Amino acid sequence: MKVKVNKEACIGCGACAAICDEVFELNDEGLSEVKLEKKENEFVSVKEELQDEVRDAADSCPTGAIEIEED
Ligand code: SF4
């Protein structure tokens with residue numbers, strides 16, 4: 001599974017980081033980003049044990065900003 005955050009859609013509510021802080025964090029602008037992201041807007045691989053939390057975070061995002069690509 002891969003994930004990315006669409007920063008245009010993120011409103012910085014912090015739900016994703018609260019659910020899975022190993023993958024999501026709020027940046028200096030108060031917007032969510034994927035911690036392992038090297039390039040802006042690039043999908044990042046999620047290790048097996050964190051995938052359920054990432055799906056929960058995506059379901060909980062009020063703006064649908066978290067995009068998931070299943071393998
Ligand atoms: S849950 Fe969605 S809107 Fe809230 S900080 Fe995360 S990506 Fe942004």
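The structure is a predicted model, in which local features need pLDDT of at least 70, side-chain atom pairs count only at pLDDT 80 or more, and totals for chains, interfaces and linings use all residues. Residues are numbered from 1 along each chain as its sequence is written. Helices (H or I, at least four residues) and strands (E, at least two) are DSSP runs, numbered from the N terminus.

Three strands form an open sheet in the order 4-1-5, with antiparallel pairing; two strands count as paired if DSSP finds at least two bridges between them. Strand 4 (44-45) and strand 5 (66-69) stand at the edges with a single partner strand each, so one side of each is left without a neighbour in the sheet. Helix 2 packs on the sheet, where it touches strand 1 and strand 5, and its direction makes about 135° with that of strand 5. For that angle, axes are lines fitted to C-alpha atoms, for helices over the stretch in contact, and angles run from 0 to 180 degrees between N-to-C directions.

The pairing can be followed residue by residue. Strand 1 and strand 4 are joined in the antiparallel sense over two bridges, with Lys 2 opposite Ser 45 and Val 3 partnered by Val 44. Towards strand 5, strand 1 pairs in the antiparallel sense over four bridges, and here Lys 2 stands opposite Glu 69.

Val 3 itself lies in strand 1 (residues 2-5). Val 3 counts as buried because 25 C-beta neighbours lie inside 10 Å; the scale calls a residue buried if 20 or more other C-beta atoms lie within 10 Å of its own, exposed if 12 or fewer, and partly exposed in between, with C-beta atoms placed from the backbone. Not counting residues up to four places away in sequence, Val 3 touches a set of residues including Val 23, Val 34, Phe 43, Val 54 and Ile 68, where contact means that C-beta atoms, placed from the backbone, lie within 7 Å. The C-alpha atoms of Val 3 and Val 23 are 9.3 Å apart in space, at a sequence separation of 20 residues.

Glu 37, in the loop between strand 3 (32-34) and strand 4, is partly exposed, with 15 other C-beta atoms within 10 Å. Its C-alpha atom is 9.4 Å from that of Val 3, although 34 residues separate them in sequence. Asp 52, in helix 2, is exposed, with 12 other C-beta atoms within 10 Å. The C-alpha distance between Asp 52 and Val 3 is 12 Å, across 49 residues of sequence.

Leaving aside neighbours within four places in sequence, the contacts of Ile 66 include Val 5, Cys 16, Ala 58 and Cys 61.

Methods:
Contact = placed C-beta atoms within 7 Å.
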